[in-house]
Amino acid sequence: MSDTGSAFIEFPEGFVWGSATSSFQIEGSPTLDGKSPSNWDVFTRKEGVIKDASNGDVACDHVRLYKDDVALMSKLGFDAYRFSIAWTRVVPDGVGPTNHAGLDFYDRLIDELLNAGIRPFPTLYHWDLPNVLEEKGGWTNRETAYAFADYTEAVLERLGDRVDTWTTLNEPYVVANLGYVTGEMAPGHTSRAEGLSASHHLMLGHGLAGERIRSIAPDSRLAIVLNFTPSEPASDAPGDHAATQVIHDTDNRWYIDPLHGRGYPAETAEHYGWDYNEVHDGDMELISQPIDLLGINYYFRQIISTDGAVPNGPDVIQNTMGWEVHPPSLGRLLRWIHREYAPPAMMITENGCPMPDEIRADSGQIIDDDRIAYVRDHLHQVHGAIEDGVPMEGYLVWSMLDNFEWAWGYGPTFGIVEVDYDTLERRPKKSAEWYSEAIAANGFALPETPVAYRGPIGPSLMDS
Ligand code: FCB
């Protein structure tokens, strides 16, 4: 207990604190040093697909300002920094020769991080596919998985000596489902069959790249980052339950099941009429090779009826994108993953929220108390899971900087650091100060009056 009487929670020694970003969302410099256009460079040019009609041409200008960004991370006390590598900088043609000038940027970034005592935590694919490959079918083309493995090799040969954990993919669910089924993300297709095909080829890419990582950097660890959206039926009606099961399988089990040798969820594959045509002999063995760390991205829970996800009413605590703020679902998710799949180590690789940051006129300080509450209460859940034996290695807040939020453009502000898009000035918000203090203390005080989150709506499919 602290002086004020509120409980202080402390994390285990060595708990890793940091933040996450991705290449397309922050880098800018889309043609520098031989970089080719990605599917996102092309997608953002289409009319009506990005809410504010923006693109990634400048973004946070991180390619030019990375030294300042690393200095800021160091000032805040980060142990680790998760970023992604743009395939288009490294192998601009998608396949073929390595562009060493493009790799130089990541070489410099990694050295800058290591010199500042910050662990680089790179992801090889965070959605920005070389557009030349998208034109050949993108992830619906099996060849893309092999190209991904070759690109991985090019990166590892140059950077494999300085990175302890390699992450293959970020959120294959989003690539397959929002890219090829709903069309909200690049490449903007709307075909269930394409989505299923893409999902398998993404996982195959993970498996093939995993083999290369093991052989080129045998002392490093292999990781993948999956997103999870705990789902509860809106009512006891059998239709709502059936709909929730399909969504749970699609959103939460489709990738983690095959990773752990269970194959794709069979009933849901049948529901979608998938004939497994894309699955060749040996694929599932490659996909289920052991990983060392599972990265978990969690943002919100969803309530499901036969019509799909039920929008939140105004009484629900939610962020500016309408996602429910529900930390208890994170604790439930972590226990479920541990119980069902038991990956050797787990880490929160993304968690955060866009909130209406209030700038106080007198001091100019950016007051984002609701972001502080979000991060604090999710970390509290992580702490509870650790106490129950879940091997949580760390927490990386999304995001270090306000950035390009995909189809939403620059509207949602996820950063603990504000970016002024006119001047590119970075200004730490109050949450950055809070986070920095929590890192220094390896813990934080809980509020005397906890936030009252909604209880369960229906049975969670993560309880059994
Ligand atoms: C995740 C993405 C990340 C960011 C957050 C808000 O799905 O991995 O790039 O956009 O959502």
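**Exercise 1.** How are α14 and α15 oriented to each other, roughly parallel or oblique?

The model is a predicted one, in which local features need pLDDT of at least 70 and side-chain atom pairs count only at pLDDT 80 or more, while totals for chains, interfaces and linings use all residues. Residues are numbered from 1 along each chain as its sequence is written, and side-chain values use heavy atoms, with hydrogens and water left out.

Step 1: identify the elements, helices being DSSP runs of H or I of at least four residues, numbered from the N terminus; helix α14 covers residues 327-340 and helix α15 residues 369-387.
Step 2: take the axes, which are lines fitted to C-alpha atoms over the stretch in contact, with angles running from 0 to 180 degrees between N-to-C directions; those of α14 and α15 come within 8 Å and cross at roughly 30°.
Step 3: apply the classes, where angles under 35 degrees are roughly parallel, over 145 roughly antiparallel, 65 to 115 roughly perpendicular and the rest oblique; α14 and α15 are therefore roughly parallel to each other.
Step 4: list the contact (heavy atoms within 4.5 Å), to which α14 contributes P327, P328, L330, G331, L334 and R335, and α15 contributes D377, H378, Q381, V382, G384 and A385.

**Exercise 2.** Which residues form one aromatic cluster, and which charged end sits over the ring of Y272?

Step 1: rings of Phe, Tyr and Trp (its six-membered ring) pair if their centres lie within 6.5 Å, and by this rule the count comes to 39 aromatic pairs.
Step 2: one cluster is formed by F11, F15, W17, F78, Y395, W434, Y435 and F444.
Step 3: a charge sits over a ring if NZ of Lys or CZ of Arg is within 6 Å of the ring centre and within 35 degrees of the ring normal; the charged end of R192 sits over Y272, 3.9 Å from the ring centre, and K51 lies over the face of W408, at 4.2 Å from the centre of that ring.

Technical notes. Phe/Tyr/Trp six-rings, centres within 6.5 Å; stacked < 30°, edge-to-face > 60°. Helix = DSSP H or I, 4+ residues; strand = E, 2+ residues; numbered from the N terminus.
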